[in-house]
Structures are given as structure tokens and as C-alpha cells.
Amino acid sequence: MNAKILDGKAIAKSVREDVARRAAELAARGTRPGLAVVLVGDDPASQVYVKNKDKAALEAGFAVRTLRKSATTTQAELLALVRQLNADSTVHGILVQLPLPKHLDAGAVVRAIDPAKDVDGLHPENVAKLVLGERGLFPCTPRGCIEICDRSGISLSGRRAVVVGRSMLVGKPLGFMLLARDATVTLCHSRTNDLPSVVRDAELVFAAVGKPELVRGDWIRPGATVIDVGINRLADGKLVGDVAFAEASARAGAITPVPGGVGPMTIAMLLDNTVIAAARAAGIELRAGPLAAGSAAVRA
Ligand code: NAD
């Protein structure tokens, strides 16, 4: 079998077009979505991420403010900046680029962000809302995984989903999103016994581990959907995912490539979260995906 390639780049482009349309509608009604990106220090990877986020947000028609702070910024200064952005009614989304320099307490900074502006979906209040099935703002990368499935006609309801990885950024929120969509979810991690046989049972496999090509082709159930979140750079400079792509695509029904799969979705969903936050702040009802709006209810 040769798996269908799920083109994250093309899907992200259509999400971004959708976002730009909704941003224009909001602007026409007096609210131009505003995104503030805070970058502390000079980590080269973070500089690239922030540049890409700024560019995408500008293309979507947002007002973008990038606040660059030196690596010696104190916790008090950073908290004061977050409070200032919380109070600014032209800012609808606040993103503090992580990781922060070691002397800063990232958890305290995230908790200081107004949950209604927390477009990374990492504030404990938003984590609780995801678990409770309430309306909130939820993490971008797992939202991107769900959006790829939704826009590719891959159903989630009732199906056996295995998520490998339990981070607060990807694995755990993805598990709750899948549960909210009525999948039967198994969350695996570094201590899972016999991971290959757990994955073999899955109709939907989500890999978010950070270990190059950990998931082998013979772990994949024939016809399964494979969503690879991993981004790993090998010694020779090549980018690979957490799934052995060539082997897995010989058995899977559909699979995301790396690069060009989940990666481009993260920024697209950040823009989507910002437009949602702006619409809510303005009290304007816009169409949004089922997870953006929160699941209808937590079912028994
Ligand atoms: P993390 O290091 O925080 O978490 C990794 C998880 O994998 C942990 O829960 C751990 O228990 C599990 N794990 C580690 N070794 C394992 C093993 N041998 N078997 C099973 N589980 C194991 O990482 P993260 O932040 O969740 O990121 C995971 C991957 O996704 C990384 O490659 C990262 O670069 C990538 N990522 C991509 C995007 C994107 O935009 N596409 C965004 C975030 C993260």
C-alpha cells in the first residue's frame, strides 16, 4: 500500500486564508486582530520562529508587535511587560516565545498572561477548560494535528487513537482533544511497556516524542493514519520525524511528511487562536472549528 500524503503545507495555507478572511471581517467591524510576540534573549532558533510568526501574522492582516528584550531582562520586568500587554485593548493575543533564559520562571510568566489572550493555550485556566470541555484557547500544534485530520476527511469519532508522548505542549492536550472528539485514546510515553504492540492496535497514530524515526513501519497497522509531530535534525543536517517515513508509508493509509506536515500547521493555528481571541474580545460571533469553540460537553 502506498499511503496518501497529508500535505500540511497546503492545509496550513487554506487555514491561513480562512484566518485572513475572518480577520478582514473583524477589521471591517472595527477590530483589527492584534498579536504581541515577546522574545527574550538571542536564541537563534527562537529568532527564526518569531520572524516566521510575525510574517504570517502580517500576511493575515493582523497588527503585529514584536517586543525584543535582552537576555538579562529580569522576571519583574518581564511580568510588568505582560501586565502592560494584558491591559492593552489593541492586543488580543500574547505569545511569549519559549524557552526563556534559565534565570526566568517560564511557568510564572505564562500564568501572568490574561487567559483570554493566551494564544499558545498554555495557561492553567485554558488547560482546565480543555479538560472540562469548555470554550477556551488551546495549544497550536495539537490543534494542527486535529485540523489536518478534519480537513483530510479522516474521522476521529469512535476510533482507536494512540498518542506517543505526554508533554504539556503536544501529547497531553492532543489526548484531551481526541477524547473531546470521541476517539478512544491511549497516551504512551517513555515508560510504556511494549510500545510497538500498543501502536499496532491504533487506527490513528500521533507521534510527538523527539526521537528520530522511533516509530517503525512494522508498528503501523495496515491502513492507519499516521500524524508525525516530531522534528529532528540529523548529524548530516537532514530533517526527519519521529516516524520512519518510508517504511510507515508502505503500510499506512495516510501519513504526514516531515518537513511539510504538522510543522506549518502550528503557526496557522496560532493565527486562528488570535482571530478567535479578537472576535471574543469584540463580542463578534465568527465561524470556528469544533475544538476552537470547545467541545460541546464532556461526555460520560
Ligand atoms: P518533550 O521532550 O517535551 O516530550 C517528549 C515525550 O516523548 C515525553 O512525554 C516522553 O515521555 C516521550 N518519550 C520520550 N522517549 C520515548 C520513547 N522512547 N518511547 C515513547 N515515548 C517517549 O517533547 P515535545 O515538546 O512534546 O515535542 C515532541 C516532538 O515534537 C519534538 O521532536 C519537537 O521538536 C516536535 N514539535 C514539533 C512542533 C511542530 O510545530 N511541528 C511543535 C512542538 C514540538
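Okay, let's start with asparagine 126, which sits in helix 5, residues 124–132. Helices here are DSSP runs of H or I with at least four residues, strands are E runs of at least two, and both are numbered from the N terminus. Keep in mind that this is a predicted model, where local features need pLDDT of at least 70, side-chain atom pairs count only at pLDDT 80 or more, and totals for chains, interfaces and linings use all residues. Residues are numbered from 1 along each chain as its sequence is written, and side-chain values use heavy atoms, with hydrogens and water left out.

So, is asparagine 126 buried or exposed? Buried, at a relative accessible area of 2%; buried means under 20%, exposed over 50%, partly exposed in between, with a 1.4 Å probe and protein chains only. A polar atom of the asparagine 126 side chain lies 3.1 Å from the backbone oxygen of proline 115. Beyond neighbours within four places in sequence, asparagine 126 has contacts (heavy atoms within 4.5 Å) with Pro115, Asp118, Gly121, Gly136, Leu137 and Phe138.

Now the core. The largest nonpolar core has 54 residues, and Phe62, Leu178, Phe206, Ile227 and Leu271 have the most contacts inside it. By nonpolar core I mean buried Ala, Val, Leu, Ile, Met, Phe, Trp, Tyr and Cys residues joined through side-chain atoms within 4.5 Å. Helix 10 gives the largest share of this core, eleven residues. Where does this core lie? Between domain 1 (29–114) and domain 2 (140–255), because both give residues to it; those bounds come from an automatic or database domain assignment.

Key. A polar contact is a pair of N or O atoms within 3.5 Å; within protein, one must be able to donate a hydrogen and the other to accept it, and residues adjacent in sequence count only if both atoms are side-chain atoms.
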